[in-house]
Amino acid sequence: MAAFIARRSCVFCRCVGINVIRQHVTLRNGVLRHTNKTFQSSVSYGTRETAGTQETQVHIPVERLTISYSRSSGPGGQHVNKVSTKAEVRFHVQTAEWIPEDVREKILEKNKTRITKAGELLVTSELSRSQQRNLSDCIQKISAIIAEASEKPHEPTAEDIALRAARLEKRNKERLRKKKIHSATKQNRRVDFD
Amino acid sequence: MSFPKKPGGKALDVLQNLPRITLANLRPEPGARQTDKRRGRGQHGGNRSGRGHKGERQRGNRPRLGFEGGQTPFYLAIPKYGFNEGHSRRPQYHPLTLKRLQYLIDLGRVDPTQPIDLTQLVNARGVTIQPLKRDYGVQLVDEGADIFAAKINIEVQRATEGAIAAIERNGGVITTSFYDPISLDILIKPVPFFVRGQPIPKRMLPGEDMLPYYTSADNRGYLADPDKIQQARLALAQKYGYILPDISKDELYHMLAMRKDIRQIFFGLSPGWVVNMPEKKILKPTDEKLLKYYSS
C-alpha cells in the first residue's frame, strides 16, 4: 500500500509548482489546528470515566465470518418479498483466535441465547432496506458483544485508594468532633448537686 | 457502404401510386386527437351549467384562496420561521445514484477504463448540472449499492459513506473535490469555453465552511492526507464487512491512481493554457509573472 500512496502523491505533481500549492494547504491546516486545541484536557476526578471510552477495538477479520443473506420479515410489498436484505453473520467462538481466550469464555457465558448448538455465535440484522447497511449493523453488534465481554472490573488506582482513605479519615474526624460537641451539650445540661 | 437515403423515400414512392390527396382523404390516427371536455352543455350538463345553486358559487364571486370566512387563516396564524431563509444561497448537489451510474456504464455511455469526471458524466448525459441555479456539482448516493459492480476511478463533489464503501468494495477509487462556480461552468461545457479563447483559469480552493469537508479523509477529500485516506479505507472496510482489494496489484492501477492537481480543471491541461479549437493548438504562457501566477 505504501507504493500506492507514494504514487498518489507523485500524481499530485502533475501540474507545475507543486511546492507552492502545498503551502496553501498547510497554511489552512494550521488555522484548523488552532481550533482543535481546546478539546484536549478534561479533568476527571477519578479514573472511572476513561475506562468506558477506550479505543482498543478488536479487529474483526471478515474472511473468518460466515455471512449469509435472506429475505427480511415485515411489511414492504414487492421489495421485501424479493430482495434479500436480512444479513446473518456467524462464527465459531471457540476457534476464533482473533479474540483472547478469557473474552471468548465470557462471550459464551453472557450470550447463551445467541449461541447455537454447534457453538457458533449468530447475529442477525434487518434494520434497514439495504444489505450493506444490515451487514454493517451486524458487525457493529459483534464488536459491541466483544467489547462487553472484555470489560474488566474496575481496579482502584493509587489515587483512588488515597482519596478513599482521606475521605474515610475525614468522615471519622467529623463524627468524633460532633460527638464531643454533643457530649459537651449534654454535660452542660447536667445539674450537679454540691 | 450504404448509400445515403433521400428523406421520405418510401413515402414518396407510395404517394406516386396512390390517388390525389385531398382533405377528404385525410384522417388523424385513432387516439391522436382527444376532444376537450366542455362543461355545462347538453340536457344534463346544462341548466345550472355545473355551477350549483345561487350564492357566490353560482355567481362567480367567491373570496380569495386561503380565506376562512373571517377566521385568521392558516397561512397567517402560523408564525414565520426561517426554514427557507437563504435557500437561494445554499449550494446544491445533484444526486447521482449508483444504480444510474451502473446503468450508464452498462450502456457504454461512460467509459470505466478512464477516470470518470463530471465532464464525462455530462457528456454521457447522465446528469444535468445548472451552475446558475447554485449547483456546485454532483453527489454520489448509495441507492443501488447492492447491484453496483464496476471498478472505476470517479471524482464527484460529495459522496455518502455507503457510496464510498460500494465503490471501494469493487476495487475502485473515489475522490471528492471542489469546483467553484466558474470552474464548474467550464468543466461542464468545455468546448464553448475553449471557443471563447480565454486561458484556463485556476480552480479556486474551497471556502471556510467547505474546507473541513474536503480536508477530511472520511469523505475522501482531495485536500486530505493520503495516509489518512488509506487508514479510512481500511476502517470503512472493517465497518461494512468487506475485504479491501489491493489496488496496487491491478493492471489498471495507473489509471486508478490518476488524480487532478488542486488547481487543475481538466486532466492534461494546466491553468494558463489557451486552447485554439479551429487550429487544434494549445498555447502556453512563457512570461515569468504569468507562470508564477498560474502555478501558485
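The legends below describe close-up views of a predicted model.

Figure 1. The pLDDT is below 50 over residues 1–44 of chain A, a stretch with 55 contacts in the model beyond near neighbours in sequence. Residues 49–55 of chain A also stay under 50 in pLDDT. For residues 49–55, the model has one contact beyond four places in sequence.

**Figure 2. An open sheet of three strands in chain A has antiparallel pairing.** The strands follow the order S1-S2-S3. Strand S1 (66–70) and strand S3 (120–125) of chain A each have a single partner strand, so one side of each is left without a neighbour in the sheet. On average, neighbouring strands of this sheet are turned by 20 degrees against each other, direction ignored. Six bridges join strand S2 (residues 86–92) of chain A to S3(A) in the antiparallel sense. Within the sheet, A:Glu88 is found opposite A:Thr124 of S3(A). Helix H6 (residues 131–149) of chain A lies across S1, S2 and S3 of chain A, and runs at about 135 degrees to S3(A).

**Figure 3. Helices H5 and H6 of chain A pack against each other.** Two packed helices are described by the angle between their axes and the distance between the axes. For helix H5 (residues 101–110) of chain A and H6(A), the angle is about 105 degrees and the axes are 8 Å apart. Angles of 65 to 115 degrees count as roughly perpendicular, and H5(A) and H6(A) are therefore roughly perpendicular to each other. On the side of H5(A), the contact involves A:Val103, A:Lys106, A:Ile107 and A:Lys110. These residues meet A:Ile145, A:Ile146, A:Glu148 and A:Ala149 in H6(A). By class, the contact of H5(A) with H6(A) has five nonpolar, no polar and three charged residues.

**Figure 4. Helix H6 of chain A crosses helix H11 of chain B.** The axes of H6(A) and helix H11 (residues 226–240) of chain B come within 7 Å and cross at roughly 90 degrees. H6(A) and H11(B) are therefore roughly perpendicular to each other. H6(A) contributes A:Gln132, A:Leu135, A:Ser136 and A:Ile139 to the contact, and H11(B) contributes B:Gln238, B:Lys239 and B:Tyr240. Sorted by class, the contact of H6(A) with H11(B) has three nonpolar, three polar and one charged residues.

**Figure 5. An open sheet of three strands in chain B has parallel pairing.** In this sheet the order is S1-S2-S4. Strand S1 (92–97) and strand S4 (158–159) of chain B are the edge strands, and each pairs on one side only. Strand S2 (residues 135–141) of chain B runs parallel to S4(B), and two bridges join them. Opposite B:Leu140 stands B:Ala159 in S4(B). Helix H5 (residues 98–106) of chain B packs on the sheet and touches S1 and S2 of chain B. The direction of H5(B) makes about 60 degrees with that of S1(B).

**Figure 6. Strand S3 of chain B is covered on both faces.** In strand S3 (residues 153–156) of chain B, B:Asn153 and B:Glu155 lie on one side, while B:Ile154 and B:Val156 lie on the other. All of these residues are buried. S3(B) pairs in the parallel sense with strand S5 (residues 173–176) of chain B over four bridges. The bridge partner of B:Asn153 in S5(B) is B:Val173.

**Figure 7. B:Arg134 and B:Lys280 have positive phi values.** Most residues other than glycine have a negative phi. The phi of B:Arg134 is near 65 degrees, and that of B:Lys280 is near 55 degrees. B:Arg134 is in the loop between helix H6 (118–123) and S2 of chain B, and counts as partly exposed at 34% relative accessibility. B:Lys280 is in the loop between strand S6 (274–276) and strand S7 (281–283) of chain B. With a relative accessibility of 73%, B:Lys280 counts as exposed.

Terms used:
Residues numbered from 1 in each chain as written. Chains lettered and ligands numbered in written order. Predicted model: local features only at pLDDT ≥ 70, side-chain atom pairs only at ≥ 80, totals over all residues. Heavy atoms only, no water. Pairing = 2+ DSSP bridges. Axes fitted to C-alpha atoms, helices over the stretch in contact; angles between N-to-C directions. Contact = heavy atoms within 4.5 Å. Parallel < 35°, antiparallel > 145°, perpendicular 65-115°, else oblique. Nonpolar A, V, L, I, M, F, W, Y, C, P; charged D, E, K, R; others polar. pLDDT = per-residue confidence, 0-100. Buried < 20%, exposed > 50% of the residue type's maximum accessible area, 1.4 Å probe, protein only.
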